[in-house]
Amino acid sequence: MDSRRSSRAVIDPKVRQVGFFTSAPLPPDRTQSDPPDPIRSPPLADASSPGNSLSPVMIPPPRHPSDSLLRLPHSPSDAFPPPSPTTTTTSLGDFSDDVTAASSPPPAAARVRGRGSSVKQQGAASSFPGGGFEVPPSVKAPSSVPASGLTTVSVVKLPPGISVEVQSDRALNSKPLKEKTSKAERRAIQEAQRAAKAAAKAEGIKTPAVTALANAKSAKSTKPSPQRNDSAVVVAASEKKGGDRSVEKDRKKDVPHPRMQYDDKSRVQKLKKRSVVKPTEARNRVELFRHLPQYEHGTQLPVLQSKFFQLDTLHPAVYKVGLQYLSGDICGGNARCIAMLQAFQEAIRDYSTPPAKTLSRDLTAKISSYVSFLIDCRPLSVSMGNAIRFLKSQIAKIPISLSESEAKATLHSDIERFINEKIILADRVIVKHAVTKIRDGDVLLTYGSSSAVEMILQHAHELGKQFRVVIVDSRPKHEGKLLLRRLVRKGLSCTYTHINAISYIMHEVTRVFLGASSVLSNGTVYSRVGTACVAMVAYGFHIPVLVCCEAYKFHERVQLDSICSNELGDPDSISKVPGREDINHLDGWDKSENLQLLNLIYDATPSDYVSLIITDYGMIPPTSVPVIVREYGRGQLWI
Amino acid sequence: MPDTQVLVNDFLNKLKKRKIEGSQATARQTAELLRSVISQQRVPYTNQAGALIDAVKAVGEQLIAANPVELAVGNIVRRVLHIIREEDLSLTTAAIGGLNLSAVSDDENDDDRDGDSTLSAAAVAAAARSTLRPPSLQTLLEDTPVSAAVPQTSSSGGDSEGKTADKSSRSRKLKHDVIEAVNELIQDIVTCHEQIAEQAVEHIHQNEVILTLGSSRTVLEFLFAAKEKKRSFRVFVAEGAPRYQGHLLAKELVARGLQTTLITDSAVFAMISRVNMVIVGAHAVMANGGVIAPVGMNLVALAAQKHAVPFVVLAGSHKLCPLYPHNPEVLLNELRSPSELLDFGEFSDCMDFGSGSGSPLLHVVNPAFDYVPPKLVSLFITDTGGHNPSYMYRLIADYYSADDLVVQRRATAGN
């Protein structure tokens with residue numbers, strides 16, 4: 001460790017300098033790579049594939065109050081884009097050159113270069129709105145500059161990865177750079193905007209030219225717009241109102257809804273009326289968790305099965321997924337989310353709008369009913385909640401003018417894209433990042449079974465890295481056994497132990513990789529119960545804890561402990577130990593009213609214990625989670 | 001002598017096969033065994049104490065070697081040795097006082113020693129009991145004839161002259177006294193639960209939430225004592241994988257009418273924010289205040305520290321070990337069977353033994369104990385009251401004589 005740190009210290013100052021200053025060495029580079037610029041500017045962005053768009057070097061586009069956008073007359077907007085793309089692309093170009101020249105074996109270099117190019121397009125596309133439609137600096141500067149600053153810091157803190165890290169460093173640093181160089185311009189822009197705004201107000205806002213609106217839309221969706229472009233074109237007329245008022249609403253929506261509290265009698269009654277599954281309440285409820293649903297397990301499945309033919313409103317695919325949730329056949333945030341989305345895909349395919357109803361409204365209601373059924377089966381995970389939110393927003397965005405089949409096709413591809421981009425590709429990016437943190441001779445500890453961590457370990461093994469894996473497992477699910485089996489099959493050297501022995505095994509561990517069900521915006525990692533224990537012990541032993549989590553699982557909610565919100569599993573699985581018939585002390589006691597069995601599913605790991613969160617947007621410290629949620633939230637993250 | 005050998009061998013086997021569960025049972029049985037060893041031991045006319053000590057040490061070495069992790073054995077052996085020394089000391093002082101051996105003593109000490117011999121004997125015995133200083137040092141520093149005579153009789157074995165008069169009565173008396181004292185020790189071990197439990201009311205209040213891990217009879221009695229005093233509180237029991245003794249404790253608690261919630265070990269961190277106090281048992285308490293406890297305890301202690309929840313350890317005095325631990329996680333630990341975690345053969349289908357360097361891909365680690373460093377412990381409650389971890393070394397000095405601390409190491413050196 002120490003030797004690595006010292007080596008890092010040599011690089012440090014340089015990185016910092018690049019990060020926070022508009023340094024002297026950069027301008028020449030810019031002039032060099034200026035020529036390709038026009039080619040790479042927005043039009044070309046369409047060509048970039050969704051896969052590349054998730055590259056870690058993507059520059060966080062700022063989130064802007066879109067009223068100012070919409071009121072913006074198009075004339076200044078035409079004038080402004082050029083400067084910002086120039087700067088971004090140039091700095092990126094510079095860095096990719098740099099990286100390829102600097103180090104790394106040939107294949108790695110190739111990879112880096114490839115990504116670098118994609119990033120260029122990306123950067124151009126995303127910076128277009130950022131630089132073009134200027135926002136008051138009070139909003140923009142503080143949000144984006146600290147973001148990149150933090151990222152730099154995080155990288156500095158860690159032992160240096162190789163090329164990829166440097167890359168993300170530089171790329172993110174290119175952002176403040178850009179801003180600084182265009183400071184004068186920005187002021188000018190701002191003033192122009194203000195004037196324009198005033199003029200627009202005087203005129204009345206309702207008559208923006210269609211082109212301007214389309215322009216603004218594509219800008220508003222700040223996302224690199226390859227896929228959005230088509231919708232932006234179509235959107236034109238129908239969405240103008242929605243766009244206008246959404247700002248205020250958005251602000252309010254930003255505050256997450258309070259969760260359903262199951263100790264609220266009246267609401268529970270209401271809920272019961274609606275629900276399909278009528279679970280019997282558990283008799284011995286844990287007092288502390290009255291706010292969570294506590295049902296007798298095992299009662300729902302037969303009821304549901306018998307009800308299959310009465311549930312004509314339910315699509316069979318959704319029904320099937322619900323049953324799989326209930327029985328535990330599908331578990332894990334990603335798997336559940338993908339299963340749900342695919343079921344929705346099928347449901348949408350078979351959907352036909354009833355007469356005298358509009359597709360968007362009816363389908364939303366439909367989806368809501370499916371969702372409430374799924375909740376009955378098992379409470380939603382954050383990942384699923386985000387996916388549902390995405391789907392609903394997509395449905396709401398479908399213009400009335402679109403025919404049903406077209407709308408369905410759009411939704412189908414939207415869902416497909418979500419699965420691809422937010423889950424599958426995101427995982428790939430995470431793997432790429434995380435592998436740089438694995439060195440020969442490492443002993444990696446993981447807890448439970450996280451799909452992302454599993455991919456990382458396998459990939460690192462395929463790369464020929466020599467390392468050992470410690471799998472820590474816990475009752476009652478023993479998910480680690482499944483992971484162990486898969487890894488041992490692949491030929492990885494594994495050590496298996498249970499969570500109580502964590503203090504014993506931690507002596508030999510060099511890194512801890514953990515998965516997460518969700519990362520909350522105060523940096524809390526919400527994950528399988530026991531994760532907090534592992535992170536705590538690792539922290540006590542001064543061992544870095546790396547949490548791997550796709551950005552679509554981030555949530556703006558905050559949580560301090562594991563009690564306010566959680567999920568309760570089947571209490572019977574606590575009292576019985578499978579394979580250990582000698583542990584039968586509680587046979588017959590579980591009906592006693594003094595005894596409660598508590599089977600928590602999740603817990604919340606305080607952010608102090610987390611050294612690093614690896615997401616598809618790069619490697620960030622837990623303090624930067626709110627930045628990601630904010631910058632990519634709403635408009636971007638879920639689309 | 002043959003009888004004791006049979007007994008010793010029997011007990012050794014039990015220890016080796018880990019047949020005896022719990023340090024209390026081990027401690028009691030060790031004490032009983034040593035008592036029979038002492039009673040069978042033929043005592044020579046000269047140097048009875050030395051003979052007894054040698055006999056106990058010989059057996060003690062074997063016992064400690066049979067299960068070095070079970071520190072209670074060593075503790076009891078040392079305590080019995082200490083008892084022998086102490087009884088011998090008090091007898092000697094009594095004899096000296098009684099015989100009026102004022103010729104040897106200094107002039108200044110003469111008058112008060114002559115005045116009340118029994119008092120001075122008790123005082124010397126008490127002084128020896130409550131000090132950690134090795135007797136040899138004491139003789140060097142204080143230069144009092146009384147204490148100078150004592151270590152000679154106990155360690156070097158050279159019996160002082162002038163005691164031949166009541167030799168026979170003294171030898172019988174020594175053995176008798178020692179056996180009496182060992183009986184007391186056994187009694188102490190048996191009743192330590194009650195003594196600890198008596199303090200429960202001072203620590204548990206109405207509506208408290210208490211967390212414990214695994215099962216300990218001391219904890220059970222402690223909680224139950226508080227319950228009997230009409231305190232109503234809730235208990236979270238972590239089950240303590242892989243032995244799942246928490247189930248046992250939960251059952252007992254429920255049977256006695258306590259509000260009990262059984263949680264998995266992984267949920268300890270989640271629940272500890274709502275807990276007022278952690279009360280756990282220990283396997284052994286080291287001289288530095290560190291605790292050897294069932295596996296998983298360090299996790300609980302760390303979580304408790306994070307949430308500033310008092311971490312209270314209940315330990316009978318037989319669990320107080322006079323040794324300072326070095327690398328206790330490894331050296332004072334033992335690995336249990338992997339079958340508690342994975343069934344035998346469960347992974348045979350996916351192991352590829354044909355390739356590779358021959359070292360197995362899969363290791364299963366199943367340690368039995370955890371070491372909780374003293375900084376994580378808020379309080380020890382022993383049968384003599386509550387103590388800080390930093391005070392443990394002093395408390396331990398009351399029970400052991402400094403000469404005996406290295407019973408085992410001398411054995412290995414001798415071999």
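Predicted model: local features only at pLDDT ≥ 70, side-chain atom pairs only at ≥ 80, totals over all residues.
Local features need pLDDT of at least 70 and side-chain atom pairs count only at pLDDT 80 or more, while totals for chains, interfaces and linings use all residues. Residues are numbered from 1 along each chain as its sequence is written, and side-chain values use heavy atoms, with hydrogens and water left out.

The two chains meet through 56 residues of chain B and 58 residues of chain A (contact means heavy atoms within 4.5 Å). Together they bury about 5000 Å², with 64% of it on carbon and sulfur atoms; buried area is the accessible area (1.4 Å probe) lost when two parts are put together, summed over both. The interface holds 3 salt bridges, defined by a side-chain nitrogen of Lys or Arg within 4 Å of a carboxyl oxygen of Asp or Glu. Asp608(A) pairs in this way with Lys306(B), their closest N and O atoms being 3.2 Å apart. On the side of chain B that touches chain A, H12(B) gives the most, with 6 residues (helices are DSSP runs of H or I, at least four residues, numbered from the N terminus). That side divides into 30 nonpolar, 14 polar and 12 charged residues, where Ala, Val, Leu, Ile, Met, Phe, Trp, Tyr, Cys and Pro count as nonpolar, Asp, Glu, Lys and Arg as charged, and the others, Gly among them, as polar.

Helix H12 (245–255) of chain B also supplies at least two residues of the lining of the second largest pocket, as do H2 (23–40) and H11 (217–228) of chain B. By class, this lining has 18 nonpolar, 14 polar and 10 charged residues.

Key. Chains lettered and ligands numbered in written order.
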